[in-house]
Amino acid sequence: MERPLLQSALRELQVFLSARRFWATFGAVVLIFWVTGPYGTGERLATVPRLGFWLVLHAVAWGIAVVAIVAVNTLFRRKVPGLLPRMALGTVVASAPVGLATEAISLMTFGGTLTPERIAESIATGLLLSALFCALTFMTMSSKQTEALAAASPPATAPEDRTEIPLMRRLKPESRGPILHMTVADHYTQVTTSRGRELILLRFSDALAECGDTPGLKVHRSHFVADAHVDRLLRTEGRLAILLRDGQEIPVSRSCAEAVRTRWG
């Protein structure tokens, strides 16, 4: 996977793993399987071991499904229109590894012999678990998660088009892409784009003047954040902050707080 695609996949993976609804849904599913004890686990396992079994099984299954769906979403974003079809394709891709992984956990727990019939059944079960994950995740996604995963990758832009934003001329060609975040670093400005991060010898005020019509806000005397890079707003010790999609937490100055709430609240 090329570096820009890898960075995009990692950002999307972070979107999944940082979402409270994702973990709430995961916990609810584990709880349901624990209480109901399907596939004979209610009779074959005591209460605590049964919880451990379903917790491990779902953690492994959901982990594989997340990676598969994010990878497919990143690789096929331009070829397969629509987030749901891409998630469904990721579900199919994940079914075999999910089924084999869950079968291995079952064999380690209950014993038995691996046969072609059991392998086929495990893949079918993996498809069912992956489909369950896909459906529940899609239904419980926040609007920001959906936007982050559904947004089309920026189309390949010719170098001459990128230089329409004056700041792009100061960046190395491999770093040129949509601006996500800019911050002060001593006498330099650190510019983060969709393709990487670079320090340039330029005053922050001049960098702001050269970022063109990039949609975003100056949120602090030393931070500019683009719309596409905002995950959510936070309250830290009574002060407003912004959680970026790469996990950074950026302070918001009091003078910018109202504009930030209006734009991203």
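Biologist: Is threonine 41 buried or exposed?

Modeller: This is a predicted model, where local features need pLDDT of at least 70, side-chain atom pairs count only at pLDDT 80 or more, and totals for chains, interfaces and linings use all residues. Residues are numbered from 1 along each chain as its sequence is written, and side-chain values use heavy atoms, without hydrogens and water. Buried means under 20% relative accessible area, exposed over 50%, and partly exposed in between (1.4 Å probe, protein chains only). Threonine 41 has a relative accessible area of 1%, so the residue is buried.

Biologist: Which residues is threonine 41 in contact with, leaving aside neighbours within four places in sequence?

Modeller: Contact means heavy atoms within 4.5 Å. Threonine 41 touches Arg50, Phe53, Trp54 and Phe110.

Biologist: How are α2 and α4 oriented to each other?

Modeller: Helices are DSSP runs (H or I, at least four residues), numbered from the N terminus. Helix α2 (residues 20–36) and helix α4 (residues 47–75) pack at about 140 degrees, with axes 9 Å apart. Axes are lines fitted to C-alpha atoms over the stretch in contact, and angles run from 0 to 180 degrees between N-to-C directions. Under 35 degrees counts as roughly parallel, over 145 as roughly antiparallel, 65 to 115 as roughly perpendicular and the rest as oblique, and α2 and α4 are therefore oblique.

Biologist: Where do the buried residues of α10 lie around the axis?

Modeller: In helix α10 (residues 254–264), the buried residues are Cys256, Ala257, Val260 and Trp264. They cover an arc of only 120 degrees, taken from the directions from the helix axis to the C-beta atoms. That arc therefore puts them on the same side of α10.

Conventions:
Helices (H or I, at least four residues) and strands (E, at least two) are DSSP runs, numbered from the N terminus.
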